[in-house]
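Subject: Structure handover

Hello,

My notes on it follow below.

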Amino acid sequence: MSHVPAPRSNRGYSSQHRAAPYLFVSPFLLLFAVFGLWPILHSLIMAFYATNGPKSQVFVGWKNFQFLFADPDFHTAVWNTLVYTFWSVFLQLPLALGLAVLLNQKWLKGRDFLRLAFFSPNLLGQVFVAILFSVLFAPTYGLINKALHFLFGVAVDTKWLSEPALVMPAIVLTSLWLYVGFNMIYFLAALQAVDTELYEAAEADGANAWQKFWAVTLPGIRPVAVFVLVTATIGSFQLFELPYIMLNNTAGPNNSGLTVVMYLYNNGFITGDLGYASAVGWTLAVGVLIVSLIQMRVTGTWKGSDK
Amino acid sequence: MKYFPYGKAAFSILVLAVLSGGWLLSNPPPEHKATLTYWTFAKPHYESYVQILPKFEREHPGVTVDLELVSNNALTARLQSAMLANLDVPDLFEVEIGSAATLFRGPTNDIGLVDLNPRLHAPGPDGAPSLWDRVVQARFASYTDRGHIYGLPHDVHPLQLAYRRDIFAKAGVDVTKIKTWDDFIKVGHKMTIPGKQYMIELSDSDSTSIEPLLFQRGGGYFDANGQVILDNETAVQTMCWYVPLVAGPHKIANSVGFFNQVEANAIEDGYMLCYMCPDWNSKNFENNDAHVTGKMGLMPLPTAVPGGRATSTWGGTMIGLTKHSSNPDLAWQLAMFFYLDKSTVPDRFRTTNILPPVKDFWTLPAFHEKRAYWDGQRLGDSYARLAPDVPPHYSSPVIQTATDKLGQALVDCVGYYNSHGYDERGDARFEAYVRARLKASADQIRAMIKRNPY
């Protein structure tokens, strides 16, 4: 005779079920509260203090923000970050999409190898890539100058990393090498998810390759494209390691490689004013939020219209 | 799953969580048992300390020292965090000169470092002079704040010029006749072949090279009281003199950078004839540019005026004692052991070429040895002769900003010079621009200092 469990009271069982999800997420919530939420809230408080060294704090109200918005270095950092973000979005993403479309073609021989090859720079990490490119961009002896001199007659002593006007192009070129393959993977996955029947229907209607791309492919990958756009923008706003290492732990000549996060780091961890750095951090966070909301509004994901 | 209604997966996670949590609780990380902790960022220092540490531990039974090699970039942030949390603060640490003053922020009572004044001025054992009298005193400038001395200088770092002896000899140039910068520039115009050969490596895009030359002329970022002097007459005249060296049609300097293969190539190819060479960089040349052994020479820095200062200083390391040390006297004994143990000085000098700041060590035989790399020159002697004359390098908690501002001013002045030209006899417009640009930089530093509510 099989064992029959004793009936449990419905009320007790139901309350257990209601509590269970909270119980399971509680370890995360606890850790997040201690190591995530509290530091975030504390940094908001610190943003209104001038901190000096390990102990001293003085309430300064909005003065950190007033100084920040008047500081020419912060203006430079914001401008540089926006320039980098612009090129990231308008150069990097189309290139990534183009590569993905190319590497999605069945007729292309060795496309698996090429996919790996284009993605592989991302396996190296920003610091290694930055060191590598700082040598490649070296004047007179750097490989890039030698190649440009050989191909186009560009001066071999072109100072990519010490000529203010060339610093940002050098950083953008490096980030292209690093991230195009990475974003390509997202687009590739999205392309493979587009329903092939739609292409067949378009062909039956006499659509050419461009029309198929415009009317079938782009709408099909839109959710992923929006995701890549938003994450690439946020990532661009957070630019730090690449220029910092390429420019030998500096902001480059005339702050030409200074980004907002580098400005935050310099004030928080080099100069030691964590209060001011918190003000920078919150300003950056609000800026990123606004830009992301605008992007979502423009791309139509604001109201979930991509569902 | 009779008594656990949420399924096997949830049960497994719970068991794993309980087991791993229990294991962590029953195996806490070992307690920090060393009596003293010492952080350094310089591998050569670390390696030399490791060798002699057993001797200190033998002389102090029961005392153990935890010597840690910490990344230079991480050290200041890690130290500040440790002080903030009052957790694992080292007893002693070494920090690079450019970061040292950032530790002096805030009210004096809140600074986490011990004022070394009493220990420095205490008489030495057996009637020996105090440490203050034994060390090159200008080196304390960077580590002094509001009358308190928070650091011992690890070094002096006098500056000379390293040059390609063979190329100058072939060109018939007697470098011993180069006494002033005017002499140097005249030779530079003769030796420079634009795009192929430059007289000297000097940066046109950051403060690396102009900073020591500003110090040489008695200028700097701050005076002894911490006031900004980046826009004083010395700074203006130094900038007006420096820019034509690195810009314009008659430039004799170019920049390829330091510390890497590019520098080695530039020296080996004769692309750069002279490099600014503090003692530590002479070891870089020996290690990285072996192909030019015997072809290199060292000469004092040309002077700004006849009979002027023939050196400057570049770089440095501070040794600090933290207030968090539970045994500051013992920590000081360790610092003195590393600092004054004569038995390791010769080897340390041979492996690093760094001249110690204790003047009476310079009479040791190791400092008079001939070096094959420098064509038999006595490297130690050549630096020791100049060391007493190194200029002070006054600092401030905003020193990093000041360094950046000087670099930015240089870039703008170079840009102005390239676009507007410059009359070698002196162009009032250029000088006016330099004056205004340096004032703008200095005012930005002043604004940062003013923001500090102390």
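Which residues does Ser43(A) touch, not counting those up to four places away in sequence? They are Ser278(A) and Trp282(A). Please bear in mind that this is a predicted model. Ser43(A) lies in helix α1 of chain A, residues 10-46. With a relative accessible area of 19%, Ser43(A) is buried, because the cut-off for buried is under 20%.

**Between the chains**

Next, the interface. On the chain A side, 43 residues are in contact with 42 residues of chain B. Together the two chains bury about 3,500 Å² between them. Of that area, 53% is on carbon and sulfur atoms. Four salt bridges are counted between chain A and chain B. Arg451(B) forms a salt bridge with Asp273(A). The closest N and O atoms of that pair are 3.1 Å apart.

Phe67(A) in turn belongs to a cluster linked by ring pairs. Within chain B, the charged end of Arg78(B) sits over the ring of Trp39(B), 4.4 Å from its centre.

**Aromatic pairs**

A pair of aromatic rings is described by the distance of the centres and the angle of the planes. Over all chains, the count comes to 45 aromatic pairs. Take Tyr186(A) and Phe227(A): their ring centres are 5.5 Å apart and their planes stand at 65°, so the pair is edge-to-face. This pair links distant parts of the chain, 41 residues apart. Tyr186(A) is in helix α8 (residues 164-193) of chain A, and Phe227(A) is in helix α10 (residues 209-237) of chain A. Tyr186(A) is partly exposed at 32% relative accessibility. Phe227(A) is partly exposed too, with a relative accessible area of 41%.

Now Tyr221(B) and Phe222(B). Their ring centres are 6.4 Å apart and their planes are at 50°, so this pair is tilted. Both Tyr221(B) and Phe222(B) are buried.

**Helix α14 of chain B**

Which residues of α14(B) are buried? In this helix, residues 345-352, they are Val345(B), Pro346(B), Arg348(B), Phe349(B) and Thr352(B). Why do they line one face? Seen down the helix axis, the buried residues of α14(B) fall within an arc of 165°, so they line one face of the helix. What covers them includes these elements of chain B: α2 (43-59), α12 (279-288), α13 (328-340), β13 (370-371) and α15 (379-386). Just after α14(B), Asn353(B) takes a positive phi of about 65°.

**Other positive phi values**

Most residues other than glycine have a negative phi.

- Asn249(A) has a positive phi of about 60° although it is not a glycine. Asn249(A) is in the loop between α11 (241-246) and α12 (260-270) of chain A. Its relative accessible area is 30%, so Asn249(A) is partly exposed.
- Asp375(B) has a positive phi near 55° and is not a glycine either. Asp375(B) is in the loop between β13 and β14 (377-378) of chain B. At 43% relative accessibility, Asp375(B) counts as partly exposed.

Best wishes

Conventions:
Residues are numbered from 1 along each chain as its sequence is written. Chains are lettered from A and ligands numbered from 1 in the order in which they are written. This is a predicted model: local features need pLDDT of at least 70, side-chain atom pairs count only at pLDDT 80 or more; totals for chains, interfaces and linings use all residues. Side-chain values use heavy atoms; hydrogens and water are left out. Buried means under 20% relative accessible area, exposed over 50%, partly exposed in between (1.4 Å probe, protein chains only). Helices (H or I, at least four residues) and strands (E, at least two) are DSSP runs, numbered from the N terminus. The arc is that of the directions from the helix axis to the C-beta atoms. Contact means heavy atoms within 4.5 Å. Rings of Phe, Tyr and Trp (its six-membered ring) pair if their centres lie within 6.5 Å; planes under 30 degrees apart count as stacked, over 60 as edge-to-face and the rest as tilted. A charge sits over a ring if NZ of Lys or CZ of Arg is within 6 Å of the ring centre and within 35 degrees of the ring normal. Buried area is the accessible area (1.4 Å probe) that two parts lose on being put together, summed over both. A salt bridge is a side-chain nitrogen of Lys or Arg within 4 Å of a carboxyl oxygen of Asp or Glu.
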